[in-house]
Amino acid sequence: MNEKVTFTVDGKQLEGKQGQLLIEACEDSGIHIPRFCWHKRLDPVGMCRMCLVEIDTPRGKALVPSCTTQVSEELIVETESDTVKKAQEGVLEFLLINHPLDCPICDKAGECPLQDQTMAYGPGESRFIEEKRHFEKPIPVSDIVLLDRERCILCARCTRFSDEISGDPLIEFIQRGNKTQVNTFPDEPFKSYFSGNTVQICPVGALTATSYRFKARPWDLKKVSSTCNCCSLGCSVELNVSQNKMLRILGEDNEFTNQGWLSDKGRYNFEYLHSENRLLNIHSRENEDYQTINISDAIEKIKNKIKDLDNPDIKFIIGANSTNEEYFAINKFANSLNRNEFLSKDKSNVYFADDHIYNGYFSEEYTSATFEDLDNSDAIVVWAEDIKDNLPVLFLRIKKAVKNGVKLVVFGHTNTALESLADLYLGAEIVSNNFELKTSLSNIQELKDIIDSKKVTTIIGKSTPLQKKDSLDTLINHLQKVSDLKVFNCFSKANTFGAIQHIDQIKGLNEFCTEYENSNKNIVFTIGANPVNSSFFGSKIKNLLEDTDYVISLDIFKNETTELADLILPTTAFGEKEGTITNMEMRVMKQNKILPDPGSTLSEWEYLIMIAQSLGKDINYDSVNDLNSELASQFTMTEALPTFDNLNKPSNLFGILNQKEINLNIRDIDQDSSSLLMVKRLYGDSSTQINSPSISMLGSERFIELSEFTLDKYGIKSNVATLTQGSSSIFVNIKLNNLLPDNLVLAPINRRGFEKLDSTKDFDLKETKNMKDLSVN
Amino acid sequence: MSWETERLEKAKQIIEMYPQKRSALGPLLYLAQDKDGYISNESIVEISGLIGITEVQVQSVASFYSMYKQEPTGKYLLSVCKSISCEISNSSDVINSVKNFTGLSNNETDDENFFTYESVECIGACGGAPAIQINYETVEGLTPDKAVDLCKWLKEEEPEIVVADELQDKFGGVKSFDWAIADNNGATSPVPGFQTYDTSKEKK
Ligand code: SF4
Ligand code: FES
Ligand code: FES
């Protein structure tokens with residue numbers, strides 16, 4: 001497969017791989033052939049003919065598309081001959097026949113392959129005097145993507161993406177000849193988690209995103225590479241800023257992680273940065289009201305609080321959005337305030353605000369996996385949260401691996417979106433509604449056939465916070481025994497892996513509740529965390545915080561937790577801070593700063609270090625660089641230290657794999673799940689999303705999923721129902737999902753209206769008769 | 001409106017003929033056309049469910065081929081060939097006479113939904129040019145007058161099913177070749193008669 005072949009291009013001897021496409025082989029050797037339809041990550045179609053080159057054949061010279069021709073030994077190619085030039089001019093003249101040439105009002109102008117290639121290879125003038133084809137300008141193909149069919153050059157990049165890569169072919173060519181156009185079926189919009197990728201790969205301005213339309217000219221943009229923190233995959237992105245406003249995020253092709261793609265959440269979740277609801281000032285609670293105070297008063301207040309309380313009990317609840325440098329600072333600071341600091345590491349005072357994390361499989365017994373292993377395994381075994389909703393680009397990687405012949409086994413009830421890709425879907429017959437395995441795994445012949453003595457990569461994690469670790473232990477022990485196993489611990493949120501790498505020991509909110517209950521309840525820092533809203537222990541934590549002497553919240557928006565704070569410190573967000581983050585492969589990647597700190601915000605580490613210094617602690621870091629170089633030096637098994645310097649080198653642009661000892665100390669939640677399974681969906685009511693107008697509506701649909709059997713059980717015939725629990729009730733749309741086991745109802749955890757539901761309590765479901773009720777709500 | 005049981009039954013039989021469900025798309029579209037006289041959006045939804053591809057993928061194929069009608073046609077679809085063999089045998093006169101008689105221009109249907117007129121590319125009857133199709137039943141060796149007679153006859157008789165052999169005997173001239181077997185299977189507008197797919201109609 002990887003045999004080398006030698007061929008000649010424009011008189012130069014080049015080397016390529018057997019079977020490689022000519023256009024790609026030339027590109028690798030620095031010869032650029034113009035193209036519109038060919039894209040490295042899509043199957044070739046030979047649709048646009050822009051890539052025509054001349055090759056020698058036994059019957060003389062012939063023009064062939066280089067995107068569908070494979071290199072072969074002794075192939076002789078001309079890319080700049082007169083014939084090729086004439087062909088290129090011809091192709092462009094044809095493409096421009098119907099193209100509106102509305103570049104002055106087109107968002108793509110300035111970075112448009114059609115514009116650029118017309119300049120470079122075009123005929124220079126037009127002979128076309130007839131009327132051009134007309135279409136309504138632009139039509140929405142989804143809530144966030146618009147299509148101007150007049151500009152489309154029918155390259156089929158968008159349609160191939162939706163079919164081959166994301167697997168939701170809701171856009172297609174319809175009609176033919178002069179009327180050919182990309183379109184959706186009436187009332188079936190291009191509702192895809194990945195639709196924004198089509199906007200990025202469209203070689204003209206036909207597909208545009210609502211969030212970027214008419215906002216800027218590409219030559220006015222300031223750009224920097226960074227790493228997305230919407231989930232723990234670590235997609236490489238390019239941030240585009242104009243006049244200190246983030247206007248666009250593009251996917252960068254990082255071979256190791258996202259391979260160019262992004263989810264729409266990662267791509268469009270940025271407008272919140274400039275929301276008028278951002279916290280920009282320090283708020284201090286004086287009596288009932290908040291007052292704006294300055295930083296030195298705030299530090300003074302904290303210092304005095306801590307001094308007054310005389311050896312107070314201080315706890316930290318942290319979220320997943322901090323950088324490694326910030327976690328490193330949190331760790332230093334927390335340790336310095338830990339009353340038990342010298343006793344043992346089991347007495348950590350840092351608690352992580354995500355109920356999904358558990359002790360995981362990190363010890364030396366387990367070989368940790370990288371995304372490349374997905375492609376190189378014989379089989380992938382998934383038992384975790386919904387991958388498509390929580391790690392959307394990982395879904396694309398799995399889909400790609402499956403397409404290339406890797407077998408997929410899926411356990412449980414939360415990954416029904418993977419069922420159509422799976423060779424073996426082990427749902428209700430094998431996994432109980434309480435996530436216990438009903439059968440011994442060695443008895444399942446189909447599983448044996450797929451995994452025994454094979455190279456297996458597993459993606460393993462709690463499907464919901466209520467799943468017990470025992471069940472996962474059983475699976476992993478079995479896999480460990482019968483296969484050559486690599487492991488992904490599936491913690492899906494942002495920089496969770498950075499937190500667990502850089503904090504000596506992390507506990508869960510479960511531990512917080514029990515330990516804090518018996519403490520003096522002096523001081524709690526919440527840092528980028530909203531445990532009151534997002535946790536199983538939410539109401540308990542609310543009570544505990546209300547009983548606390550002094551609560552200090554560091555956050556970017558007001559939320560249910562900051563409401564209980566005595567002091568709110570506004571922090572910087574994505575794009576406003578420099579640092580590193582660690583993805584689920586333990587790949588450390590760079591996040592870059594391109595926006596100024598808004599208002600009087602500071603980074604989390606800056607606050608903590610100021611407080612530490614005011615207390616006379618010996619924690620001295622002047623810059624995030626200092627933090628970075630010290631934390632980098634603490635890595636052990638590593639190719640190169642993940643310092644800013646190293647990460648900024650072009651060769652390390654896409655991250656450096658690192659290992660560090662990990663110490664988690666988290667108990668299972670002592671509660672069985674009921675028939676209400678609450679799962680996190682990609683879109684919801686997170687404060688970042690609701691403050692990003694272009695995507696805020698995407699998480700507004702209220703729906704539940706259940707099987708036909710369950711639907712019948714509740715006697716529901718319509719597709720809307722009322723879900724009642726205690727005194728709260730909400731209207732929901734019904735989605736049938738017959739992969740769900742009997743008596744299980746799946747509801748989104750992060751949607752407006754669902755926050756009052758308790759997944760451990762009974763509920764009732766009734767058909768909604770009166771449609772008017774719906775519109776009221 | 002979703003498909004009636006019988007049509008669904010037929011659809012299932014057709015799907016079973018192919019190793020991959022989606023390969024049945026072409027014939028299923030004929031079933032759809034047989035139902036409404038054109039490919040309705042409801043039928044697209046139905047087919048998409050039956051073979052597991054998205055609606056727009058069905059629509060993509062349905063709208064690509066001109067013999068899948070996107071709008072209802074009249075009871076008799078008149079397709080006059082305008083390609084080269086017919087053209088050199090004076091098809092333009094036939095075209096004009098049919099257009100004049102019906103008062104229709106290309107791709108138009110009259111107010112009574114009786115005739116739809118279209119001029120089409122080669123219909124594979126070059127040896128018997130010029131040729132016309134009535135609901136895809138071919139008549140060869142036509143003259144402009146005979147073509148008008150044919151239209152008049154359709155007006156008067158209003159046959160439920162049109163059968164090529166019968167039309168040929170009444171209005172046609174020299175045929176390209178003779179199948180030698182009388183074929184009683186005809187068609188109703190605008191579905192070509194395929195026995196395999198159960199869209200052909202037998203004239204008793
Ligand atoms: S919309 Fe853009 S990507 Fe899609 S076919 Fe047209 S030019 Fe290509
Ligand atoms: S790039 Fe080769 S035909 Fe379009
Ligand atoms: S040209 Fe008319 S039938 Fe072939």
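**View 1. The residues around ligand 1 in the predicted model.** Ligand 1 is surrounded by 13 residues. The closest are Cys152(A), Cys155(A), Ala156(A), Cys158(A) and Cys202(A). Twelve residues of this shell are nonpolar and one is charged. The shell around ligand 1 holds no polar residue.

**View 2. The interface of chain A and chain B.** Here 14 residues of chain A meet 13 residues of chain B in contact. The two chains bury about 1,200 Å² between them. Carbon and sulfur atoms account for 58% of that area. On the side of chain A, Gln175(A), Arg176(A) and Phe185(A) supply 50% of the area buried against chain B.

**View 3. The side of chain A that touches chain B.** Strand 8 of chain A, residues 172–174, gives the largest share of this side. Its contribution is three residues. By class, the side of chain A that touches chain B has seven nonpolar, three polar and four charged residues.

**View 4. The two domains of chain B.** Domain 1 of chain B covers residues 5–64. Domain 2 of chain B covers residues 76–187. Taken over C-alpha atoms, the centres of domain 1 and domain 2 of chain B are separated by 28 Å.

Methods. Residues are numbered from 1 along each chain as its sequence is written. Chains are lettered from A and ligands numbered from 1 in the order in which they are written. This is a predicted model: local features need pLDDT of at least 70, side-chain atom pairs count only at pLDDT 80 or more; totals for chains, interfaces and linings use all residues. Side-chain values use heavy atoms; hydrogens and water are left out. Contact means heavy atoms within 4.5 Å. Buried area is the accessible area (1.4 Å probe) that two parts lose on being put together, summed over both. Helices (H or I, at least four residues) and strands (E, at least two) are DSSP runs, numbered from the N terminus. Ala, Val, Leu, Ile, Met, Phe, Trp, Tyr, Cys and Pro count as nonpolar, Asp, Glu, Lys and Arg as charged, and the others, Gly among them, as polar. A residue is near a molecule or strand if one of its heavy atoms lies within 4 Å of it. Domain bounds come from an automatic or database domain assignment.
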